[in-house]
Amino acid sequence: MSVLTRPGPVRTWAGFAIAALVLFGLAPAVLSDFRLNLLAKFLCFAIVAAGIGLAWGRGGMLTLGQGVFFGLGAYMMAMHLKIADAEIRGDTVPDFMQIAGIRELPAYWMPFTSPLVTLLAILLVPALLALLLGLGVFKRRVKGAYFAILSQALAAAFAILLIGQQSTGGSNGLNRFRTFFGYDLSDPVNKRMLFFIVAAILLLVVAATRQLMHSRYGELLVAVRDQEEKRVRFLGYDPATVKVVAYTVAAFFAGIAGAMFVPIVGIISPADIGIVPSIAFLIGVAIGGPHHPARTGPRCDRCRVGTNGPVGELPVRVDVCAGPAVHRRRRVLPRRPRRARSAPTPQAHRNLLLHNRTRLQP
C-alpha cells in the first residue's frame, strides 16, 4: 500500500492540494465565464452540504430546514447590495421599493447600510438562531423524525413569511445587483474573483469539518448518534450540548454559503430557501456520502443514469459528481436477498435426534 492510498495526514494534504489545483488552476483555465460562474454556484451548495454532513452524518440529526439559515445569510447580503446600488444612483430606497410605493427605508434595513455590520450579521445571526433553536429542542430531548418535521416546518414558515413581505420583494425576491462591496458585478474579472473567494471558503469549511469529525468531539457526536446518550452522560458530557454545537456549526456554514450565493447568481427569492431546496441539500449529501465531508455536495455537474434491464426498471448504478471534482459510483438498488433456509425434512430431523441421543449415551 502506497503512502497516498494509506489513510493519514499525507493522503489528506494530497487531497487538499489536488482540490486546490483543480479549483484555482484547472477550472479557470478550461471553463468559460458562464460555466465558471455555474461551478461557483455549486460550490455554495457544497458549503451547505459540508455542514449537513457534520450534523446528519456524524450527529444523526436529519436537518430538513437548512434553507432557513441559507436564506438568512442570502437576504442579509442582498439587502446590503440593494442599499449600495441605491446610494450609487442617489436614491434613498432600492428600486423595487419605489415601484411598491415605499418611500422610506424600513427600520430593519437600516443596520445593513454598513458593510461591517452586514458581514457580522451574516456570520452571527444564523449561528445564534440555530443556537437558540438547538437549546430549545435538544434540551427537551426532541430527536428523530420529530426534529426533522420541526426543522422542515420552520423552513416552510420562513418562506411563507418572506412571500408576504413587500419590503423584501415578496415572491419575486431581491435581484438585479450591480456591485459587490464596490466591485462591478458585470465585470468578468470580478466574477472570477467571486469564484476564487467561494472556492477558498469551501476548502476552509471542508478542513474545519474534517478536523471536527476526527477530534474527540467527533467521537462524542458519533456516540450520541448511536444511541449511547446514557454512556455519554456517565462520562460527564451533555448530549444536548454536543448536538447543539454541530447544529450551530452547520447553520454557520449555511449562512456563509447563502451570502456568497447572492452576488454569484444575482437573485434570491423564497423559492430558493423553502422546503424543496432544503430537501435538495439533503439529497445531495446522501448521494455524496454523509460521513465524508469532501464527498458531500447537493448538486452534481454530471449525472449518468443507466438501466441494465427493461424500460421502466430502476437504475442499477448512478455515476455522480458530488462536490468539487469528486466522482463516486454508488449502488441504487439493494443487493439480492439471500434465499431463506428451507425447513429440515422429517428424515433429517430423525437423524439429528439419533445423533444427539448417541452423544448423550455413556
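Author: Let us start with Thr 179, which lies in strand β2, residues 179–180 (strands, of at least two residues, are DSSP E runs, and helices, of at least four, are H or I runs, both numbered from the N terminus). The model is a predicted one, in which local features need pLDDT of at least 70 and side-chain atom pairs count only at pLDDT 80 or more, while totals for chains, interfaces and linings use all residues. Residues are numbered from 1 along each chain as its sequence is written, and side-chain values use heavy atoms, with hydrogens and water left out.

Thr 179 counts as buried because its relative accessible area is 12%, where buried means under 20%, exposed over 50%, and partly exposed in between, with a 1.4 Å probe and protein chains only. Leaving aside neighbours within four places in sequence, Thr 179 is in contact with Leu 81, Ala 84, Asp 85, Ile 88 and Leu 185, contact being heavy atoms within 4.5 Å. With one of these residues, Asp 85, the side chain of Thr 179 also makes a side-chain to side-chain polar contact at 2.9 Å; such a contact is a pair of N or O atoms within 3.5 Å, and within protein one must be able to donate a hydrogen and the other to accept it, while residues adjacent in sequence count only if both atoms are side-chain atoms.

For another setting, turn to Leu 120, found in helix α5, residues 115–138. Leu 120 is classed as partly exposed because its relative accessible area is 45%.
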